[in-house]
Amino acid sequence: MTARDRRRTGPTRLGARARAWRALGRVLPLLLAPVLAPVLAACGDCGRASEPATAPRPSASPGLDAASADAASAAATDAARAIVADAGAAADARAASGVGSDAASATGHGPVRFIAVGDTGLGSARQRRVGAAMADQCRKSGCDFVVMLGDNVYPSGLASPDDPRMRALFEEPYAGVDAPFYPTLGNHDFGGNGSGDEFERGQYEVDYTRRSQKWKLPAAYHHFTVRGVELFDLETNSAMFGRDATQRREMRGFIAGSKAPWKIAFGHHPYLSNGPHGNAGSYEGARGVAIWSGDGVKSYLDGEICGKVDLYLAGHDHSLQWLSARCAGTELIVSGAGSGPTSLPGANPTHFQSLELGFVYIVVEGRALTAEFIDTRGAVMFTRTIQK
């Protein structure tokens with residue numbers, strides 16, 4: 001079809017597509033209700049913040065022709081990439097010198113101790129209980145840092161870098177934890193009540209780094225090294241939308257260039273999970289459904305992470321799990337019980353799984369990595385060590 005033909009038929013095609021999208025908007029909630037009802041019912045104090053509240057919205061606006069949709073997608077990709085622009089340049093400079101991004105880089109010997117906790121951002125009493133248990137663990141055993149596994153701000157991320165909610169959602173619950181926090185970004189951090197398609201909102205959490213003594217997010221994705229352990233912070237929400245080509249290329253280079261004996265990646269979306277979201281590529285029990293089923297996340301993790309790092313940490317499902325299966329040799333842990341559990345309907349074999357509130361405490365020393373699953377009373381529910 002020529003450009004003239006497209007102009008001539010454009011209004012008719014746009015009208016038909018608009019009607020189709022309106023029809024889909026009426027039918028989609030009915031189709032999704034059986035899937036979402038168990039998730040919403042299981043989240044005791046999540047309220048509007050329970051996830052997923054809505055299905056991810058399509059990445060292209062209804063009524064756009066193919067060329068316009070491509071342009072809109074490219075613009076959105078540029079917006080997402082802007083998240084890493086300022087801090088990313090500095091991070092890359094540090095990476096070139098073998099240091100990695102931000103002040104967590106350290107020299108010397110001794111074990112590396114850190115906490116992994118996810119799906120925290122409710123400001124609830126349960127989140128504060130987990131925070132108090134984390135503080136106790138750090139005082140008792142030591143913490144070099146904390147990694148947060150996404151959905152740091154329910155239900156739709158920050159309204160600005162100065163959003164006062166960060167006091168109740170982050171600063172106050174973890175006031176007793178004397179360690180820096182390295183968050184990753186989840187779908188709720190990118191807005192849309194969990195649809196994750198307001199890409200500019202991720203930048204607000206990056207910018208909050210300059211306003212907090214503890215919050216360390218120099219870019220939407222980055223890496224840093226602590227005494228022989230290199231950590232790779234993935235931004236998996238972009239992979240959900242297929243807007244991760246640059247991130248994949250850069251992360252591939254970061255990992256290939258790492259000299260660290262231990263390599264650990266962390267992101268929001270899991271590779272395998274027994275929670276309501278389930279396994280990448282069939283999230284929510286769907287297969288082959290653009291965005292919704294997580295094909296992009298599976299492709300990203302299969303291509304760039306599985307078999308290239310020792311451990312992948314994720315959240316998204318509100319539970320604690322250490323999966324028995326690995327992805328090309330990479331161990332898989334889910335730690336999303338930072339503010340409220342959901343359920344464990346899946347059938348993946350696990351070394352351990354629980355709906356208790358809590359976190360994972362990891363110690364890397366020499367050729368051993370030990371993970372302890374700890375509840376809000378400070379009790380160790382499960383521990384396992386892997387050796388290199």
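Let's start with Phe224: it's buried, at a relative accessible area of 0%, where buried means under 20%, exposed over 50% and partly exposed in between, using a 1.4 Å probe and protein chains only. Quick housekeeping: this is a predicted model, where local features need pLDDT of at least 70, side-chain atom pairs count only at pLDDT 80 or more, and totals for chains, interfaces and linings use all residues. Residues are numbered from 1 along each chain as its sequence is written, and side-chain values use heavy atoms, leaving out hydrogens and water.

Okay, aromatics. There are 15 aromatic pairs here; rings of Phe, Tyr and Trp (its six-membered ring) pair if their centres lie within 6.5 Å, and planes under 30 degrees apart count as stacked, over 60 as edge-to-face, the rest as tilted. Phe114 and Phe145 are stacked, at 4.8 Å centre to centre with 10 degrees between the planes. Phe114 sits in strand E1 and Phe145 in strand E2 (residues 145–148), so this pair ties together parts 31 residues apart in sequence. Strands here are DSSP runs of E, at least two residues, and helices are runs of H or I, at least four, numbered from the N terminus. Both Phe114 and Phe145 are buried.

Back to Phe224, then. Its stacked partner is Tyr182, with 4.2 Å centre to centre and 25 degrees between the planes. Tyr182 is in strand E3 (residues 181–183) and Phe224 in strand E4 (residues 222–226), so that pair bridges parts 42 residues apart in sequence. Tyr182 counts as buried too, at 1% relative accessibility.
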